[in-house]
Each structure stands twice: as structure tokens, then as C-alpha cells.
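Here is a walk through one structure, from strands to cores to ligand. Keep the viewer open as you read.

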Amino acid sequence: MTEPGPMPASGRRLVLFGPPGSGKGTQAQLLEARTGQHHLATGDILRAERAQGTALGARVGGYMDRGELVPDEVIIAVMAAHLQGLERTGFIFDGFPRTVAQARALDSMLTAIGRPLDGVVVLEVPMGVLETRLLGRAEAEGRSDDTPETVRKRMRIYQEATAPVLDYYSSRLPIVRIDGDRPVSEVLSAVLAATGGITPRPV
Ligand code: AMP
């Protein structure tokens, strides 16, 4: 009888976690290209809704411009609508969950489709570096929520509402911490090496 081989990286189901500016979007895109894991970013989904002028986009715009979290029930409904197809692939959530309520809802939704998370990857970057990166991004991309005042607010909200999500996961899932204050390619190598060590949960 042949032993089952290691699960391909494409099959892993991960949350990419970290403060605003830690490089989640960049790394998730590179991971998707490298492994085939599906990348789902709530911020990108919401920005696309705004660009298309949908009712949802209008509803979330004010929160985003102020650097505040969109209410949990709205985000949870958005994610529920984007989970179709995820039972067939691995995936990386980027920017979600951002509150413990979202994390609980995500667990229920993934359990319902028989695809629980395998692990959490945390990108760690010092606060001063994050602020410099976000203000640089404001100039480069013109994002409405990267002004000095909203950057500070987003950092505070991260500490208060989002950091506790890691405590929620700490007793439930493997958590790997990656030094994100390095060149993009080095961070990617570290993430690939670390996630390769996460054992996928049986489905
Ligand atoms: P991001 O691109 O991930 O930094 O998200 C941009 C903005 O979208 C955030 O500042 C929030 O206003 C909103 N947003 C994105 N994801 C979430 C989430 N999981 N919960 C609440 N608000 C979110």
C-alpha cells in the first residue's frame, strides 16, 4: 500500500495575519501565484464594490475612509458570499478575520463546508516601520485611508479589536510568526518554509 504523500501547499487553508502595512496583500498574491492557493482579501473585495458603485460599496465607504472597521455582520455576509468554490482549493484569507466575532463566524462557515483552517501566519513588523510604509503607500497608491490620522486610527483599532484574534486562535490552530521587516522575497521564502511545516487538518 502506498503512503499518502505530503499535502501540496496548494491545499492548505490559512489566515495571513498582521497589522496594516505588514505586507499581507503582497505576500498573499505571491503565495497564490506560487502555490495556487486562492487569495481572498476583504479590503480588495470592498474596494471593488466601491469602484463599481454598488449598494454594498456605498454602505462601507464611510467606514473605510475613516479607517474604521466595517461592522461584523456586513463583513461576515460578504465573506459568506465568497466562500463558494473554496471547498475545492486551499486558500489564504488576507484582512479577515479582524475581530473575534468574525473569527468565530468563519470557523462556523468553514466547518459547515467541511474545510476548517489549517493554520495562521503572522507577519511581524515594528510599529515605526509600518507607519513609514503606510504613508509611503498613500503617496504611491493614493489610498484614501492612508493619511497620517487614519493610519494612527487603524493601528489603534488593530491593537484593540484585531490583535485579540490571535489569542482566539492560539488554543485552536498552529500559529507561525514571520519577521516581515525584510525584503519581500525573503519574507516569501520564510512563509513558504513555515507553512510547509503546518500539517493540514483532515477533511
Ligand atoms: P485592508 O485593505 O485590509 O487594509 O482594508 C481596508 C479597509 O476595509 C479597512 O480599514 C476596513 O475599513 C475595511 N475592512 C477590510 N477588511 C475588514 C474586516 N475583516 N472587518 C472590518 N472591516 C474590514
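Two strands pair if DSSP finds at least two bridges between them. Strands (E, at least two residues) and helices (H or I, at least four) are DSSP runs, numbered from the N terminus. The model is predicted: local features need pLDDT of at least 70, side-chain atom pairs count only at pLDDT 80 or more, and totals for chains, interfaces and linings use all residues. Residues are numbered from 1 along each chain as its sequence is written, and side-chain values use heavy atoms, without hydrogens or water.

Start at strand 4, residues 119-124. Strand 1 (residues 13-17) pairs with strand 4 in the parallel sense over four bridges. Here leucine 14 stands opposite glycine 119. Strand 5 (residues 175-179) also pairs with strand 4 in the parallel sense, over five bridges. There valine 121 faces valine 176.

Now the cores. A nonpolar core is a set of buried Ala, Val, Leu, Ile, Met, Phe, Trp, Tyr and Cys residues joined through side-chain atoms within 4.5 Å. The largest has 30 residues; Phe17 and Val120 are among those with the most contacts inside it. Strand 1, strand 4 and helix 5 (100-112) are among the elements that each supply at least two of its residues. A second, separate core of 14 residues includes Val121 and Val176.

Finally, the ligand. Polar contacts are pairs of N or O atoms within 3.5 Å. A side-chain N or O atom of arginine 47 is 2.9 Å from a ligand oxygen. For valine 70, a backbone N or O atom lies 3.0 Å from a ligand nitrogen.

Methods: Buried < 20%, exposed > 50% of the residue type's maximum accessible area, 1.4 Å probe, protein only. Polar contact = N/O pair within 3.5 Å; in protein donor to acceptor, adjacent residues only side chain to side chain.
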